[in-house]
Amino acid sequence: SETFEVGTQFHFRQGGAGQITFVGDAGSTIEVPNDLLAKTRAQGEVISIYLERIDGDEYWVLFGGLEQV
């Protein structure tokens, strides 16, 4: 498994019709706002994810052009 520094960021752009969907691996947590899903909204959308540490726990935070629930 890879180890990333807190603050590591990745950026993704949906280039075609297929959505990009994020699913956490065992032991990882992906945080998204309650009214959004962990996938791109439409073609051309850009989403970003970064690693954050809160109270000793690490979370991947996903934001940008995400689809609404």
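**Salt bridges**

I started with Glu58, and I found its side chain in a salt bridge with Arg53, the closest N and O atoms being 2.6 Å apart. This is a predicted model, so I read every value here as computed. I then looked up how open the two partners are: Glu58 is partly exposed at 38% relative accessibility, and Arg53 is partly exposed too, at 47%.

How many salt bridges does a search of the whole structure find? I got two. Besides the Glu58 pair, Arg41 and Glu45 meet through their side chains, with 3.0 Å from N to O. I checked Arg41 as well, and its relative accessible area of 45% makes it partly exposed.

**The core**

Next I turned to the nonpolar residues inside. The largest nonpolar core holds eight residues, and I noted them as Phe22, Leu36, Ile47, Ile49, Leu51, Trp60, Leu62 and Leu66. Which elements give two or more residues to this core? They are β4, residues 46-54, and β5, residues 57-64. The most comes from β4, which gives three residues.

Setting aside neighbours within four places in sequence, I found Leu62 in contact with Phe22, Ile47 and Ile49, among others. Its contacts also include Ile30, Glu31, Val32, Pro33, Ala38 and Ser48.

**Thr8**

Then I went to the segment before β1, where Thr8 is found. Is Thr8 buried or exposed? I have it as buried, because its relative accessibility is 19% and the cut-off for buried is under 20%. A polar atom of the Thr8 side chain lies 2.6 Å from the backbone oxygen of Glu5.

I also listed what Thr8 touches beyond four places in sequence: Ile49, Tyr50, Leu51 and Trp60.

My last stop was a nonpolar surface patch of about 230 Å². Which residues make this patch? I noted Phe4, Phe10 and Phe12. Phe4 sits in the segment before β1, the strand that covers residues 9-13.

Terms used:
Residues numbered from 1 in each chain as written. Predicted model: local features only at pLDDT ≥ 70, side-chain atom pairs only at ≥ 80, totals over all residues. Heavy atoms only, no water. Salt bridge = Lys/Arg side-chain N within 4 Å of Asp/Glu carboxyl O. Buried < 20%, exposed > 50% of the residue type's maximum accessible area, 1.4 Å probe, protein only. Core = buried A, V, L, I, M, F, W, Y, C linked by side-chain atoms within 4.5 Å. Helix = DSSP H or I, 4+ residues; strand = E, 2+ residues; numbered from the N terminus. Contact = heavy atoms within 4.5 Å. Patch = residues over 30% accessible without salt bridge, like charges linked within 9 Å, V, L, I, M, F, W, Y side chains within 5 Å. Areas by Shrake-Rupley, 256 points an atom, 1.4 Å probe, with all protein chains shown as cover. Polar contact = N/O pair within 3.5 Å; in protein donor to acceptor, adjacent residues only side chain to side chain.
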